[in-house]
Amino acid sequence: MFGLRLDQGAVLLLRRAVAPFILMPCFYGKMYISPDDLTIIAASTPDPILHNPSVVTALRLRPSFFNNFYCDESLCLVLNLNRLYDILCQARDDHFLGIYGNGTHDQVSIVLLGSATPEFRHANMDLVSIHQVQMNVPQFQYEYQVIVGIPSMLFRTSILKLSQFGVTVFAEVTDTQVTFSVGNEKVVLRKEREQCIIGGATNEDPVSLVFHLWCFQAMVYASAVSDMVWLLGQSNGLHVMLNCPVGEHGNRMFYLA
């Protein structure tokens, strides 16, 4: 059994954190809830015509994100993410929000309560059988060699510019700068100009990363809730991850392998 509560003002942040699922789009998501955190993981639907691959994204929220967080057992539930987002869009910024459920029922209850008026709304969100949804969601237990921190506004302007020239981004990281390139177009961010923070790379041994921008709109939207975004990768260029912190109590992650 679990119960989550958000006080007024935090509902907007939750809605903004859930929105990238809809932008990718992701129709269903696995929600893992335990006494330690709540995590929703989903994969976008690949397009065989455009040959764009599936992109996996995760939203992880710690108990401190919520005003009240109760969970007495670890559960895995499958949600319709469009339905969840629709309910969150009905909430105003001054609403209190509660989410309640357990592992035996086929529904999750969502309650909206007005702070200034006795307004009360209740919605049931049907859960999806885990056997009805085919989701190839890998385990994310990678060790990353390099980490690059970029101010979120600079990150957004950079990938919006690069997305006009293609979808595959090549990044070369040294200890002084990171160079993003798509075709002949390049964006160079330098540490001395405070445009980035770099760890794990040297000028003698630069790290090359490759990732794509099929879901750049969701990445742009997710980065808007962060002051700083973090790009992590391995020296072989595989398993690139974009981490967009959600305030101080959560993370929105894109796995761009």
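**Chat notes: α4 and its surroundings**

Q: At what angle do α1 and α4 pack, and how far apart are their axes?

A: In this predicted model, the angle between α1 and α4 is about 175 degrees, and their axes are 8 Å apart.

Q: Parallel or antiparallel, then?

A: Roughly antiparallel, because an angle over 145 degrees counts that way.

Q: Which residues meet there?

A: From α1 you get R16, A19, P20 and L23, and they meet Q217, A218, Y221 and A222 of α4. By type, that contact has six nonpolar residues, one polar and one charged.

Q: OK, what about α3 and α4, how do those axes cross?

A: Helix α3 covers residues 152–162 and helix α4 covers residues 216–223; their axes come within 9 Å and cross at roughly 165 degrees. That pair is therefore roughly antiparallel as well.

Q: Left-handed or right-handed crossing?

A: The α3 and α4 crossing is left-handed. On the α3 side the contact uses S152, F155, R156, I159 and L160, and on the α4 side F216, M219, V220 and S223.

Q: And how do the residues of that contact divide into nonpolar, polar and charged?

A: For α3 with α4 they split into six nonpolar, two polar and one charged.

Q: Which residues of α4 are buried?

A: Those are A218, M219, V220, A222 and S223.

Q: Zooming out, how many helices and strands are in the chain?

A: Four helices and 18 strands. There are 257 residues, and 49% of them are buried.

Q: What share of the contacts join residues at least 24 apart?

A: Counting contacts between residues at least 6 apart in sequence, 65% join residues at least 24 apart.

Q: What's phi doing at E194?

A: Phi of E194 is positive, near 60 degrees, and E194 isn't a glycine. In general, most residues other than glycine have a negative phi.

Q: Where is E194, and is E194 buried or exposed?

A: E194 is in the loop between β13 (185–190) and β14 (197–199). At 70% relative accessibility, E194 counts as exposed.

Q: While we're on β13, is V187 buried or exposed?

A: V187, which lies in strand β13, is buried, with a relative accessible area of 10%.

Q: What is V187 in contact with, leaving aside neighbours within four places in sequence?

A: S158, K161, L162, V178, T179 and F180.

Q: And how far is V187 from A171?

A: C-alpha to C-alpha, V187 and A171 are 9.4 Å apart, and they are 16 residues apart in sequence.

Definitions and conventions
Residues numbered from 1 in each chain as written. Predicted model: local features only at pLDDT ≥ 70, side-chain atom pairs only at ≥ 80, totals over all residues. Heavy atoms only, no water. Axes fitted to C-alpha atoms, helices over the stretch in contact; angles between N-to-C directions. Helix = DSSP H or I, 4+ residues; strand = E, 2+ residues; numbered from the N terminus. Parallel < 35°, antiparallel > 145°, perpendicular 65-115°, else oblique. Left-handed = near helix turned anticlockwise from the far one by under 90°. Contact = heavy atoms within 4.5 Å. Nonpolar A, V, L, I, M, F, W, Y, C, P; charged D, E, K, R; others polar. Buried < 20%, exposed > 50% of the residue type's maximum accessible area, 1.4 Å probe, protein only.
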